[in-house]
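Dear colleague,

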Amino acid sequence: MKGASVPAVVGMPSPLFLWRFKAILFLLWGLCCCKIGWDSVMRMSADLRDLFLYEVFLYYNPLFLVALMIWLWGVNLWVFAQSSVNYVKVFDLAQTHLSHREIWRCATWLTLIVPTSMTAYLYLYSHGEVSLAASQPVLLYAILLIVLLSPFDMFYLSSRFYFLRTMLRIILPLQAITFPDFFLADIFTSMSKVFSDLERSVCRMVNRQVATIAWFEADSICGSHSIAIPLVLVLPYLCRFFQCLRQYKDTKEKSCLLNALKYSTAVPVIFLSALKYHVFPDQWVSFYRPLWLISGVINSLYSFYWDIKRDWDLSILTRIFMFKSPSTWTSLLYGRNWVYYWVLGSNLILRCTWTYKLSAHLRHNYLTVFAITALEMLRRFQWVFFRVENEWNKMTAKQNFEMSSDMPSESDRLLESNSHTV
């Protein structure tokens, strides 16, 4: 009844307490996985340990990087929700779209199950249960694929359908290219190393090479010298290349061709690197390696120029951090000159180091490549802020122009008033 007092709920813990409790459980679970995994690795002989860890790293590192990208995307959405950028309108999302909290919930589950599967793999293999150990990555990949492709109304069906439909439009650009299409395709170019490792992992699972000595052989069908590696690495860039050609067909803008040229510069970087395993060492050192270095410099500088000149608008670079309500982040980031220098400098450096990842002949340094891939995702994470904001500013400017053109001018109103008889 109106005016009646509502009894307080007794015994209900506060949200802050629940969050702290979950964080403690998450930390304890992480420590248990680290302890079990470390003990399992120490049971192996020293000569087998490094090679075995390389195989474990191959199966699980792409899923760790996917989880990182999902966490970062949730942070992007949180910042958009705090600022004036209407990302829902930019991406043309439905009202049932996932919020940053739901994105983080998906990332949390992925962060939980991937280390759990990896710990089980290490434990079972070190204790002689090779067949059970080999089933762990296969089971994990199968579960994730079933969840992604499930037609049932669970696990955010509408969002999964939106994601899969956008992926299909990226692979087959038969329709007009929308902002979500090339935005997701750009993110996929930063994850080309992830796709390459996923292909190699699935290849070994299909050929029953998990937890066997076959992964020692570099020249095997799924080895590090496989021709499939450069083909998968170049696939996201080719998709983006054909998107630019489709945009040129629809708009006749020459900038689309220049953008297509940018993505084509990644092709020689990838294939010249892969030639190391198919030519004589003298030919690689004297001829192909200099070409690879030159093509890498061209790709890095061209991509950096396009980020600054086309994808971003430096005149409003930090407006994204002007939150609706007072925030520490606003006072720290909004209107600060150091943000300009950080964005420009980090983008240039990480653009250059990203060439390292595209080179198949350097992939044996798997920890270094993993770190560079993670840094590239952080670069893409900060790129998202300014790319989405730039698109939102273009949309609002276009709407304001259309509104002003629809309104009659002062001279038109005067002419209309003179046409009336008094």
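Helices α7 and α9 are roughly antiparallel to each other, a term that applies because angles over 145 degrees count as such. In this predicted model, local features need pLDDT of at least 70 and side-chain atom pairs pLDDT 80 or more, while totals for chains, interfaces and linings use all residues. Residues are numbered from 1 along each chain as its sequence is written, and side-chain values use heavy atoms, with hydrogens and water left out.

Helix α7 covers residues 179-190 and helix α9 residues 228-251; they pack at about 155 degrees, with axes 8 Å apart. Axes are lines fitted to C-alpha atoms over the stretch in contact, with angles from 0 to 180 degrees between N-to-C directions. The contact (heavy atoms within 4.5 Å) involves Asp181, Phe182, Ala185, Asp186, Phe188 and Thr189 of α7, together with Pro236, Tyr237, Arg240, Gln243 and Gln247 of α9.

A second pair is formed by α5 (residues 130-149) and α6 (residues 157-171), whose axes come within 9 Å and cross at roughly 95 degrees. Helix α5 is therefore roughly perpendicular to α6, the range for this being 65 to 115 degrees. Val147, Leu148 and Leu149 of α5 meet Arg160, Phe163 and Leu164 of α6.

His127 lies in the loop between α4 (100-126) and α5. With 35% relative accessibility, His127 counts as partly exposed (between buried, under 20%, and exposed, over 50%, with a 1.4 Å probe and protein chains only). The C-alpha atoms of His127 and Arg43 are 8.4 Å apart, although 84 residues separate the two in sequence.

Yours sincerely

Conventions: Helix = DSSP H or I, 4+ residues; strand = E, 2+ residues; numbered from the N terminus. Parallel < 35°, antiparallel > 145°, perpendicular 65-115°, else oblique.
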